[in-house]
Amino acid sequence: MNTKVLSVLEYNKITQKLADYASSAPGKDMCLKLVPLSDIDQIEEAQINTQDAFNRLIRKDGINFGSNKDVTLSMKSLEIGASLSAPELLLTAKFLANVNRVKAYGRKEKPDEPDDSLTGFFEELESLTQIAEEINRCILSEDEIADDASTTLKKIRRDISATNDKIHSQLTSMLSGSVRSYLQDAVITMRDNRYCIPVKAEYKSQVPGMIHDQSSTGSTVFIEPAAVVNLNNKIRELLMEEQKEIEVILADLSAKLGEYTEQIIEDQKIMTRLDFIFAKGRLAIEQNASRPVFNTEHIINIRKARHPLLPKDKVVPIDIKLGEEFDLLIVTGPNTGGKTVSLKTVGLLSLMGQAGLHIPAGDRSRLSIFKKIYADIGDEQSIEQSLSTFSAHMKNIVAILKNADEDSLCLFDELGAGTDPTEGAALAIAILEHLHDRGIRTMATTHYSELKVYALSTSFVENACCEFDVETLSPTYRLLIGIPGKSNAFAISKRLGLKDNIIEAAKLQIEKDKESFEDLISDLETKRVVLERDREEISQSKKRIKELEQALEKKQNRIDEQKENILRQAREEAREILQDAKETADDMIMSLNKANQGIDVRELEKKRSELRGKIGQTNSKLSLNTEKPKNKSLKPEKLKLGDDVKVLSMGLKGIVNSLPDSKGNLFVQCGIIRTKVNISDLELIEEDSIKETVSKKNRSNMSQIKMSKSYSISPEINLLGRTVDEAIHELDKYLDDAYLAHLPSVRIVHGKGTGALRNAVVNHLKRVKYVASFRQGEFGEGDAGVTIAVFKEN
C-alpha cells in the first residue's frame with residue numbers, strides 16, 4: 001500500500017487513536033506501525049482476532065498490559081552471564097506478575113466453553129510465578145534489599161546494628177561526662193560515614209581523636225573520639241561485606257532468571273501482540289464498529305457507513321455501493337455537501353478493514369481486497385515547484401494512471417477542476433473512460449454536467465449525489481446513488497438575497513440544453529423526495545400491520561390455550577361430579593332397601609338428612625360461582641298441589657304432595673324420594689325463573705372463559721427506542737418472568753447506536769444471579785445489536 005494515500009485519507013489518525021487504547025509502550029508502538037494487508041487469509045485472521053477481543057471485552061472487564069516492557073536488552077545481558085541490577089530485576093518481576101494476571105484473564109469460565117482465536121496466545125504464556133515471587137521477596141525496592149534475602153546478609157546487618165549500638169553507647173557516655181563542657185552541642189553526628197562529636201575549636205586538643213571536618217566559621221571541629229575509632233573501622237568493614245553479599249544475591253537471582261530468558265522474550269512478544277489486539281477491540285467498541293465481510297470480486301457495499309474521524313453525534317451514515325452493478329461512481333452536488341467526506345469514507349474504511357480493524361458501519365457490510373488504493377484529494381499547489389492547482393492534480397493523476405491496475409481502487413476529488421470547464425470536463429471523461437475500460441473500480445466527485453450525462457449514457461457507470469435542502473440552505477449529507485446532483489447555485493444565491501434580475505440574466509447565459517437538463521434533474525429530485533416520503537410512510541404502515549398481525553396471532557394463541565385449559569378443567573370437574581352423583585345414588589338405593597327391611601323411621605330420616613347434605617355439596621360443585629339467590633318468604637296460600645318447587649337445603653327440585661300444616665310443614669316428592677320439609681325451605685319455580693337461570697349460567701360460563709388467562713412469555717425482548725432506565729426496568733421484569741417460565745435462553749434486542757444501552761444490558765446481566773452466561777449475537781443473530789442470555793437450570 002503506497003504511503004501517500006495513508007496520509008491523504010488520514011489513516012495515521014486512526015492508528016494514533018488505536019495506540020491510545022494500548023496500555024503498554026510496545027503495544028502502542030505496534031499500533032502505530034499497523035499497515036493495511038493485501039492477503040485475504042491474513043486479513044480474515046486479523047479480523048477474527050479483533051472480533052474475539054471485542055467479545056471478551058463485552059463479557060468481562062478490561063485487561064491491562066501496563067507492565068509490559070521491552071526486556072530484550074536485559075535478557076541478552078543474562079544470556080552472556082551478566083547480573084541485573086535491583087531495578088532491572090524488579091521490573092522483570094513486575095512484568096512476570098502481569099503475565100500471570102493476563103494468563104488468568106484468558107482462562108475459560110466453564111470447561112465446555114469453546115476456544116477462540118486468542119486462546120492459543122493465553123495458553124502459550126509462561127507466568128514463572130516462583131522466580132517472580134523470589135525476586136519480590138529478596139528485593140523490597142530499587143534501593144533496599146530484604147534482610148532475609150540470605151542468612152549471611154542477615155548476620156552482617158545484625159553485626160552492623162550491634163556495633164552501632166556500642167558506638168552510640170560509648171559516645172552518649174562521653175557527651176554526659178568529662179567532655180561535655182568542650183562540646184558545641186551535645187549531639188552525635190556523621191562525617192565521612194564515621195561517627196563524630198562537635199567540639200569547640202579552642203578545646204580540640206582536650207578531646208583525643210581524629211578531626212574529620214570543621215564548620216564554615218571554623219568555630220566547630222568534628223572529632224572522631226579515639227575510643228570509637230576501632231568500632232567505626234568495624235562498621236566500615238561490615239558495610240563493605242554487606243555490599244559484596246548484595247552483589248552475590250543479585251547475581252544468584254540473575255542466574256535463576258537467566259534459565260528462562262527464551263520464555264520471557266516469548267512472553268513479551270505475546271503480551272505485546274495481545275495488547276495490540278485488545279486495543280483493536282476497544283477501538284471497535286468506542287466506534288460501535290462491526291466486522292466487514294470481504295470478497296475478492298472488487299465489490300463494495302457499505303451500509304450505514306460513518307467517517308470515524310467525525311463526531312459521532314454529527315456524522316450522517318451513508319450507504320455506498322461499487323463494483324457489482326457498476327464499477328464507476330460519479331458523485332455530484334453543491335460544495336460542502338459531503339462529496340469529499342463520502343470519498344474519504346470509502347477509502348479510509350477500506351484501509352481500516354484491510355488492516356484488521358472493524359469499520360464503523362452496519363452489519364454485513366462488504367469490502368473487497370485492493371492491493372493498492374490511490375487518492376487524489378485536496379489542493380496540492382506548490383509555489384516552490386511552480387505547480388498550480390490543476391498541475392498538481394494532473395501530476396497525481398498521471399502517476400495513478402501509470403500504476404493502477406484491476407486490483408486497485410481509485411478516488412478522485414473534483415476531477416478535471418482548476419482549468420477551463422469545457423477542457424476539464426473533456427479530460428475528466430477521457431480519464432474515467434480509460435479507467436472504466438480497464439475494469440478499475442473508481443469513484444470521483446465533480447461539478448461538471450457533462451460527467452452526469454456520461455454516467456447516464458454509459459453502462460456500468462452510475463450517478464450519485466449528496467442531498468441538499470434548498471429551503472434551509474444546508475446539506476443533509478445523505479448520499480443518493482442513482483440520482484445526479486445539482487449545484488443549486490441559483491437557488492442558494494436567491495435565498496442569500498441576490499436580486500432576481502441578476503439571477504435571470506445568469507440563466508440566459510446557460511445553453512438551452514444544459515438548462516433543460518438541470519431543470520430535469522431538479523424535477524426528478526422533487527419527485528424523488530415525494531416518492532421517498534411515500535415509501536417511508538408505506539414502510540411504517542407495513543411495520544405497524546406486521547406488529548398488529550403478530551399481536552393478533554399471540555392473542556389468538558392465548559385464547560386457544562385458555563379455551564383448552566377451560567375445557568380440560570371442565571371435563572375434570574364433570575368427572576368428579578358424576579362420580580359423586582353415582583356415590584350419592586348408591587347410598588340412596590341402599591337406604592331404601594334397608595327401609596323395606598323394617599329399619600326405624602327416625603334412623604331412615606337421619607340417613608336421608610345426611611344424603612341431603614351430600615346432594616347439597618354436589619349441587620354446589622355444579623354451580624359456577626354464581627351468587628346465591630336471596631330466599632323470598634313463600635306464603636302457604638301461594639302453594640297448590642303439583643306446583644314445582646326447589647328444596648333450598650338439598651338443592652333439589654320437586655313437586656308439592658301436600659299443603660302446609662299449621663307449622664308450615666308439607667311433603668315434597670323429589671324424584672323417588674318423598675321428604676317432609678318446611679315452607680321456609682322452599683322456593684316456587686316459575687317458567688321465567690328457569691329461563692333466567694339458564695341465561696345466567698350461560699353468561700357465567702362466558703365470564704369464566706374471559707377471566708381465565710394463561711400467561712405466555714416470548715423468547716425475545718425488544719428494547720429499541722427505550723432510555724437506559726426504561727430498558728433496564730423492563731428487562732429486569734422480563735428476565736424474572738422468562739426464568740419462571742423455564743425458558744432456556746432469551747434474545748435481547750438493544751441495537752447498536754452509541755453503545756450505551758448495550759453496555760447497560762451487559763452490566764445488568766452480570767448482576768443477575770440466575771443468568772448462567774451471555775454473549776453477543778453472532779452473524780445472522782443480529783451481531784453487536786443483540787445479546788443472547790442463557791439461564792441456569794431451575
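Is Cys138 buried or exposed? In this predicted model, Cys138 has a relative accessible area of 2%, and because the cut-off for buried is under 20%, this cysteine counts as buried. Cys670 falls in the buried class too, at 8% relative accessibility. A disulfide is a covalent bond between the sulfur atoms of two cysteines. A search of the whole structure finds 0 disulfides.

Salt bridges come next. Side chains of opposite charge can pair when their charged atoms come close, and the structure holds 24 salt bridges. One of them joins the side chains of Lys344 and Glu10, with an N to O distance of 3.8 Å. This pair links distant parts of the chain, 334 residues apart: Lys344 sits in helix H12 (residues 339-354), while Glu10 belongs to the loop between helix H1 (3-8) and helix H2 (11-20). Lys344 is buried, since its relative accessible area is 18% and the cut-off is under 20%. Lys13 joins in as well, and together Glu10, Lys13 and Lys344 are linked in a network of salt bridges.

Two further salt bridges are worth a look on the structure above. In helix H9 (residues 151-175), Asp159 and Lys155 lie 4 residues apart, about one turn of the helix, and their side chains meet at 3.2 Å, N to O. Asp159 is partly exposed at 26% relative accessibility, and Lys155 is also partly exposed, with a value of 46%. The side chains of Asp29 and Lys33 form another salt bridge, at 3.0 Å, N to O. Here Asp29 is partly exposed, with a relative accessible area of 37%, whereas Lys33 is exposed, at 59%.

Turning to the strands, E5 (residues 209-214) and E6 (residues 220-225) run antiparallel and are joined by 5 bridges.

At 0% relative accessibility, Phe412 counts as buried. Beyond its neighbours within four places in sequence, Phe412 is in contact with several residues, among them Asp376, Ile397, Ile400, Leu435 and Met443. Leu343 is another of these contacts; the C-alpha atoms of Phe412 and Leu343 are 7.9 Å apart in space, although the two residues are 69 residues apart in sequence.

Notes. Residues numbered from 1 in each chain as written. Predicted model: local features only at pLDDT ≥ 70, side-chain atom pairs only at ≥ 80, totals over all residues. Heavy atoms only, no water. Pairing = 2+ DSSP bridges. Helix = DSSP H or I, 4+ residues; strand = E, 2+ residues; numbered from the N terminus. Buried < 20%, exposed > 50% of the residue type's maximum accessible area, 1.4 Å probe, protein only. Contact = heavy atoms within 4.5 Å. Disulfide = S-S within 2.5 Å. Salt bridge = Lys/Arg side-chain N within 4 Å of Asp/Glu carboxyl O.
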